Structure formats: C-alpha cells, structure tokens
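Welcome! Take a look at the sequence and the model first, then read on.

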Amino acid sequence: MNGGHSTDSGPEGRAVPFYCPYCGDEELTPQAEPAGAWKCQACRRVFTVRLAGLALTEEDEQP
C-alpha cells in the first residue's frame with residue numbers, strides 16, 4: 001500500500017485503478033474472480049475495468 005493506493009499491478013498484468021468507480025475509495029485489492037476484478041474495501045463492490053472501444057470520427061481516419 002502507498003497512501004491508500006495499491007501500487008502493485010495485479011496478477012495477469014492488469015492495470016491498477018486508483019479509485020472505486022462507485023464510492024471513490026482508494027483501498028482496492030485484486031480479486032481472482034472474475035478475471036481482472038478489483039474489490040473496494042469500503043463499499044465491498046467487486047468490479048472490472050475494460051476498454052469498450054475507440055470513438056473515432058471521420059476526421060480521425062483522414063491522413
């Protein structure tokens with residue numbers, strides 16, 4: 001722990017969220033299930049963070 005932040009990258013090289021997306025608490029621990037999940041010690045929610053995709057526009061695709 002480092003000032004309430006978990007600086008360890010969890011198993012499987014997952015990215016480390018700094019805040020719970022539900023309550024904003026900073027004390028998060030990796031969870032084995034589901035894969036890539038984090039548990040908030042304050043509100044006890046287990047969540048995952050994943051990329052849904054890119055929001056490209058036609059301007060982004062022009063050279």
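How many helices and strands are there in the protein? There are one helix and three strands, and from the N terminus on they run in the order β-β-β-α. Please keep in mind that this is a predicted model. Of the 63 residues in the protein, 19% are buried.

**The hairpin of β1 and β2**
- Strand β1 covers residues 28-31 and strand β2 covers residues 37-40; the two pair in the antiparallel sense, with four bridges.
- To see the pairing for yourself, look for Leu-28, which stands opposite Cys-40 in β2.
- Five residues lie between the strands of this hairpin, and Gly-36 takes a positive phi near 80 degrees there.
- Pro-34 also belongs to the loop between β1 and β2, and a cis peptide bond with an omega of about -10 degrees joins Glu-33 to Pro-34.

**The loop between β2 and β3**
- Arg-44 is found in the loop that leads from β2 to β3 (46-48).
- Although Arg-44 is not a glycine, its phi is positive, at about 70 degrees.
- Arg-44 counts as exposed because its relative accessibility is 52%, and the cut-off for exposed is over 50%.

**The helix and its charges**
- Helix α1 spans residues 58-61, and Glu-58 has its place there.
- Glu-58, Glu-59, Asp-60 and Glu-61 form a negative surface patch.
- Within this patch, Glu-58 is exposed, with a relative accessible area of 67%.

How values were computed: Residues numbered from 1 in each chain as written. Predicted model: local features only at pLDDT ≥ 70, side-chain atom pairs only at ≥ 80, totals over all residues. Heavy atoms only, no water. Patch = residues over 30% accessible without salt bridge, like charges linked within 9 Å, V, L, I, M, F, W, Y side chains within 5 Å. Areas by Shrake-Rupley, 256 points an atom, 1.4 Å probe, with all protein chains shown as cover. Salt bridge = Lys/Arg side-chain N within 4 Å of Asp/Glu carboxyl O. Lys, Arg positive; Asp, Glu negative; His and termini not counted. Charge placed at Lys NZ, Arg CZ, Asp CG, Glu CD. Buried < 20%, exposed > 50% of the residue type's maximum accessible area, 1.4 Å probe, protein only. Pairing = 2+ DSSP bridges.
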